[in-house]
Amino acid sequence: MGNDAWVRGMGVVGVGAALALGGASSVGALTPEADLAYHGSVTMAAGLVDLRLTPQNHGPSTVEDATVRLRWSAPLADAQRLPDDCARSGERAVVCRTGPLAADVLGDEIRLKVRLRGEPSEVTLEIDTVWGGGAVDRNHGNDEQRVLVLDTGDSYVF
């Protein structure tokens, strides 16, 4: 193979590689990116937990809907009255829909009261995103939380 043929062959390989890489990056650009966060407060008295949670999306993309999971270190009582957008997910967990979350706007508050089995003196609440509406969230520092709640009736803010 002469030098001219080798150079032409490498040029074709280079163009093919550039097209493959360009296609991969444009597909990645189609995936929306969001930064979900949860802030709120939680109190516990005599085994009854009162949670107020406000979801937020720091953007840049809008999220049509997301699902937040709330897990307690103590089991939930068998009977619960949950809001329409929430459902029991096992012995210790509840999942709730956030509804639409525009970029840089607070979402609707999720208000949840659950009864724990017995009356534990303390419980750990873990909060995390189960589904982010198809968006990629590269910052889990603000959508994964652990809150220690004592049975004092005091409000713990996160």
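In this predicted model, Q56 is buried, with a relative accessible area of 15%. The value falls under the 20% cut-off, so Q56 counts as buried. Q56 belongs to strand 2, which covers residues 48-57. Leaving aside residues up to four places away in sequence, Q56 touches D35, L36, A37, H39, V105 and L106.

The peptide bond between G59 and P60 is cis. Its omega is about 10 degrees.

Two residues other than glycine have a positive phi. One is A46, with phi near 55 degrees. A46 sits in the loop between strand 1 (36-45) and strand 2. Its relative accessible area is 38%. D104 is placed in the loop that runs between strand 5 (93-97) and strand 6 (105-106). At 57% relative accessibility, over the 50% limit, D104 therefore counts as exposed.

The largest pocket holds about 150 Å³ of space. Its lining consists of P83, D85, C86, R97, T98, G99, D108, E109, I110 and R111. By class, the lining residues comprise 5 charged, 3 nonpolar and 2 polar.

Technical notes:
Residues numbered from 1 in each chain as written. Predicted model: local features only at pLDDT ≥ 70, side-chain atom pairs only at ≥ 80, totals over all residues. Heavy atoms only, no water. 1 Å grid on protein atoms, 1.4 Å probe; cavity = no way out; pocket = protein on both sides within 12 Å on 5 of 7 lines; lining within 4 Å. Points joined across faces, edges and corners; volume = space filled by probe spheres on them. Nonpolar A, V, L, I, M, F, W, Y, C, P; charged D, E, K, R; others polar. Helix = DSSP H or I, 4+ residues; strand = E, 2+ residues; numbered from the N terminus. Buried < 20%, exposed > 50% of the residue type's maximum accessible area, 1.4 Å probe, protein only. Contact = heavy atoms within 4.5 Å.
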